[in-house]
Amino acid sequence: MKRILRYLKGTANKCLVYQKSDQDLTAFVDADFAGDIRNRKSFSGWIFKLGNCAISWESKKQCTVALSTTEAEYMALSECCKEAIYLKRL
């Protein structure tokens, strides 16, 4: 807890700056296959960028076991699409 508070105190003058731009929203998504050796679940992650600024991202272990690399990628893409729909409605 002390380390977190020291970090926050030391970075209080830092900030992210988002400026209005005509650039599109872009997304990147990726997954590995059976990255967790114990239960053979895959990890997936995605990031949404508006211009050069990241506005949303996630990295986590998938809920179910994928039977192939393609299935792991589709599961990651599905989660990414859910976030894209949310961001579009936002």
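## Order of elements and overall form

From the N terminus on, the elements of the protein follow the order α-β-β-β-α, which comes to two helices and three strands. Helices (H or I, at least four residues) and strands (E, at least two) are DSSP runs, numbered from the N terminus. The protein is more spread out than a compact globule, because its radius of gyration is 17 Å, well over the 12 Å that the globule rule gives for 90 residues. That radius is taken over C-alpha atoms, and the globule rule is 2.2 Å times the number of residues to the power 0.38. Along the principal axes, the C-alpha trace spans about 45 × 40 × 20 Å.

## Basis of the model

This is a predicted model, in which local features need pLDDT of at least 70 and side-chain atom pairs count only at pLDDT 80 or more, while totals for chains, interfaces and linings use all residues. Residues are numbered from 1 along each chain as its sequence is written, and side-chain values use heavy atoms, with hydrogens and water left out.

## Burial and contacts

Of the 90 residues in the protein, 19% are buried. Buried means under 20% relative accessible area, exposed over 50%, and partly exposed in between (1.4 Å probe, protein chains only). Among contacts with a separation of 6 or more, 44% involve residues 24 or more positions apart; a contact means heavy atoms within 4.5 Å.

## Helix α1

Helix α1 covers residues 2–10 and includes leucine 8. Leucine 8 is partly exposed, with a relative accessible area of 49%. Between leucine 8 and glutamine 19 there are 24 Å in space, C-alpha to C-alpha, although the two are eleven residues apart in sequence.

## The loop between β1 and β2

Most residues other than glycine have a negative phi. Alanine 34, in the loop between β1 (25–31) and β2, has a positive phi of about 55° although it is not a glycine. Arginine 40 lies in the loop between β1 and β2 and has a positive phi near 60°. Alanine 34 is buried, at a relative accessible area of 9%, whereas arginine 40 is partly exposed, at 43%.

Strands β2 (residues 43–50) and β3 (residues 53–61) run antiparallel and are joined by eight bridges. Two strands pair if DSSP finds at least two bridges between them. Serine 44 has lysine 60 in β3 as its bridge partner. The hairpin has two residues between the strands, and glycine 51 takes a positive phi near 70° there.
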